[in-house]
Amino acid sequence: MQTFIPTRAAALSRLTAFVPKAGRAYAHGRNTDFGRGGHDAVSTLSPYTRRRLLTEREIVEAAVAAHGREEAEKYVSEVFWRTYFKGWLERRPGVWDHYTTTRDAMLPAWEGKPFLRRAEEGRTDIALFNDWVEELVETNYLHNHARMWFASIWIFTLRLPWQLGADFFARHLLDGDPASNTLSWRWVAGLHTKGKHYLAQRSNIDRFTRGRPAVDPGQLDETAEPLDETFDPGPALPVRDHRAPEPGRRSVLLLTMEDCHPESLDLPETAATAILSVDDRSPRPTARAVLDFDAAALDDTARRLGVAAERVADGEALAAFATRHDATQIVTPFVPRGPTHDRLTAARPSLDAAGIALAEVRRDWDAQVWPKATAGFFKIKKAIPRILDTMDV
Ligand SMILES: Cc1cc2nc3c(=O)[nH]c(=O)nc-3n(C[C@H](O)[C@H](O)[C@H](O)COP(=O)(O)OP(=O)(O)OC[C@H]3O[C@@H](n4cnc5c(N)ncnc54)[C@H](O)[C@@H]3O)c2cc1C
């Protein structure tokens, strides 16, 4: 059974073990879901990339060094999907707000419905769907293809709202990510690329699953129309401006689960370190294993930095922490859209009142890719060789 140890050391050893398979073997085997304990054809690095315990740059560098750009192309482009989704949501923040608002509005009416409970407890008529639910709840991971079929069955066969499916994933996946998760659910529904949805087909599932229950004929709706919505994500906005650290200002460091590798960023000297602990994925409870992974990943980061970090929960606590250390500046790796960003936005008035500036440091990787995350993935895919040249990979 796959276990995920929440340290950078564990992430690096998993990367080392996977790299020999990141070339042709990945391109050939990545689409098959072998079930729990059998996900060896994919890297299962996502809980680490989600928190940047491993950076995209490190993974891509390792794959290219081992196989060359051409053979590693499939793996590299999958890693770029993550950066694309992060950039896309950054540039259309209304999509995140729309998701959380509609999810929260529908939850009271849906929460007690037996039909939703049956799906979330894996008690539907579709044995394979139930098997995925069990795997997700027990291991907090699902194969990419399984996620696609799962989301498609949730939306088009079970006819449940996509927002509640995204919420179910966000609360159980160790890699649950505001961008990759929300936008993948929208993509399956036919809302990301308008009118183009992903319909799970029994024949495709049969071909790409091994050792899992079969789907019976007629169990899936294989002809459903894509979803539609009145909400308009609008055009891509420029990436939001952020305040860079002011040299010479007494500062404290803020660690969040959005970036657990501050060592690879050019950060100024800081007098003390705080950890922002948030459990804001959903109004409903998040799986204990996911919260424990967050906490341990942040502890591991502080340990590597050799600092004793203090946990803070909100803006007032953060302002008090900085003030206690005579700091007027909080420095943190860039915080993209999602619950952590929402929490820091709510903290602004407390920080302003205490005269404390919040400065962020953005990664070159994001700065290279996000300007291109305006429409579909193709634009980024085409630009990958140029981006790798610029990044010296
Ligand atoms: C409905 C749905 C929900 C999803 N929710 C999430 C999520 O919350 N968090 C998340 O990280 N991924 C999500 N994905 C994308 C993808 O399924 C996972 O990133 C992948 O399965 C992670 O397993 P891996 O590390 O073995 O991937 P590998 O195939 O080994 O890929 C390597 C890395 O590339 C990135 N990656 C690969 N495929 C994708 C993709 N399609 N989109 C974005 N990044 C990708 C991940 O960081 C991954 O660790 C979702 C996909 C679907 C269809």
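A pocket is defined on a 1 Å grid over the protein atoms alone, as an open set of points with protein on both sides within 12 Å along at least five of seven lines; lining residues have an atom within 4 Å of a point. The model is predicted, so local features need pLDDT of at least 70 and side-chain atom pairs pLDDT 80 or more, while totals for chains, interfaces and linings use all residues. Numbering runs from 1 along each chain as its sequence is written, and side-chain values use heavy atoms, without hydrogens and water.

The largest pocket has a volume of about 1,100 Å³. Its lining comprises 37 residues. Glu78, Trp81, Asn144, Arg147 and Ser184 lie nearest the centre. Helices H3 (46–51), H5 (73–91), H9 (144–157) and H11 (178–189) each give two or more residues to this lining. H5 supplies the largest share, seven residues. Helices are DSSP runs (H or I, at least four residues), numbered from the N terminus.

The lining draws at least three residues from each of domain 1 (8–89 + 368–390) and domain 2 (94–208). Domain bounds come from an automatic or database domain assignment. The C-alpha centres of these two domains lie 23 Å apart. Their contact (heavy atoms within 4.5 Å) takes 19 residues from domain 1 and 26 residues from domain 2.

Domain 1 and domain 2 bury about 2,100 Å² between them. Buried area is the accessible area (1.4 Å probe) lost on putting two parts together, summed over both. Carbon and sulfur atoms carry 57% of it. Arg36, Phe85 and Leu89 supply 34% of the area that domain 1 buries against domain 2. Five salt bridges are counted between the two domains. A salt bridge places a side-chain nitrogen of Lys or Arg within 4 Å of a carboxyl oxygen of Asp or Glu. Arg36 also forms a salt bridge with Glu134 (3.6 Å, N to O).

Key. On a 1 Å grid over the protein atoms alone, a cavity is a set of points where a 1.4 Å probe fits but cannot get out, and a pocket is an open set with protein on both sides within 12 Å along at least five of seven lines; lining residues have an atom within 4 Å of a point. Grid points are joined across faces, edges and corners, and a volume is the space filled by probe spheres set on the points.
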